[in-house]
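Here is a short report on one protein chain.

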Amino acid sequence: MKMALGLAEKGLGFTSPNPMVGAVIVKDGTVVGKGYHKAVGNAHAEINAIDDAKSSAAGGTLYVTLEPCNHTGRTLPCTLKIVEAGIKRVVIAMKDPNPNVKGGGIDYLKSKGIDVTSGICEDEAKKLNEAFIKFVKTGRPFVTLKCAATLDGRIATRTGDARWVSGKESRKFVHKLRHAADAIMVGVNTVKIDDPSLTTRLDDMNASDPVRIILDTNLSISEEARVLQLDSVSDTIIITCDSVSKNKKKRIEQKGAKVIEAPLKDGVIDLASLMVYLKTLDITSLLIEGGSRVNASALSAGIVDKVIFFYAPKIFGGDDGIPICKGHGPDLMKHCISVKHINVCRFGDDVMIEGYVGSGFKGQESGVKVS
């Protein structure tokens, strides 16, 4: 199953809105077939493993990280192929969490006399597909809030300079996060100050760009902004309100961007409502790389599932820099947002702290893990 999970992870960034799935076929103590779901619309992991095993699949055991599908979607049911291949036993990491899937794969396989075991490496499988699980259960994307700060909590100087708070190892990992995410979201001030491209840049792999979402209540983005000049297959979406200039909106759209009018709450984009809209775009995962106000708004709106904070070995040494969050906080420390299931990693000299907020992944393990 560990091998199957490793195979599944190869689909990271390519399978959404489908889950990542890996499969391994073992016969007489030997691996005879391996496969994973490579991209949405392509064959599922079980099919690829069976095709790899060929006739050797008959009488073997299939290890798969997700319950085989028993319905027709973009592809035919995997359960039929499993039965036709003559597989005698199926070991599953986790059951399919999609409440809309009718006719469970496990029940069908059992009805055909196949021995089925489930729950093997279940926590690892759930963590791998945490975005898919939330999306199919709630219709909302899994949201990760990422930031890089000095040891005393500043993400930029008073002039807005943030290049670079963190080191190159951390920045490379952030590009892997972008590759894994369906969409990336920033505020328009980040665009004005940094003029980012918001693309994925990884030299050692064929990476995918996330959809770029820019919160711009007053549609004040410069028409010369880099995000409006990109040669990318992923969309750039500007989220604004319904009272902006129609001429400006038209000019932005002529550059290839989409301008979406969204409801406001307390004078800014209503992020909770925006998450509902993102379902229509099949965005299962969202990476927030905003500034202080976007960070605070996302946390206040309760849309954040996971936080990833990079702390660099630097001390700003003043109180006029830009903090991680800007605005009013709680009156009492006990009212702070709790972060649980902490993982601590090193990237060069930087320390990354990852943890879950609210309904994020909660496996059996707890406490702090350091790597």
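Lys146 counts as buried, at 14% relative accessibility. Buried means under 20% relative accessible area, exposed over 50%, and partly exposed in between (1.4 Å probe, protein chains only). Lys146 lies in strand S6 (residues 142-149). Strands (E, at least two residues) and helices (H or I, at least four) are DSSP runs, numbered from the N terminus. Leaving aside neighbours within four places in sequence, Lys146 is in contact with Val174, Leu287, Ile288, Glu289, Ile308 and Phe310. Contact means heavy atoms within 4.5 Å.

This is a predicted model: local features need pLDDT of at least 70, side-chain atom pairs count only at pLDDT 80 or more, and totals for chains, interfaces and linings use all residues. Residues are numbered from 1 along each chain as its sequence is written, and side-chain values use heavy atoms, without hydrogens and water.

A salt bridge is a side-chain nitrogen of Lys or Arg within 4 Å of a carboxyl oxygen of Asp or Glu. The count comes to 15 salt bridges. Among them are these:

| Pair | N to O |
|---|---|
| Arg158 and Asp320 | 3.0 Å |
| Glu223 and Arg251 | 2.8 Å |
| Lys258 and Asp235 | 3.1 Å |

Arg158 counts as exposed, at 61% relative accessibility. Asp320 is partly exposed, at 35%. Glu130, Lys306 and Glu354 are linked in a network of salt bridges.

The largest nonpolar core has 35 residues. Such a core is a set of buried Ala, Val, Leu, Ile, Met, Phe, Trp, Tyr and Cys residues joined through side-chain atoms within 4.5 Å. Strand S4 (89-94) gives the most to this core, with five residues.
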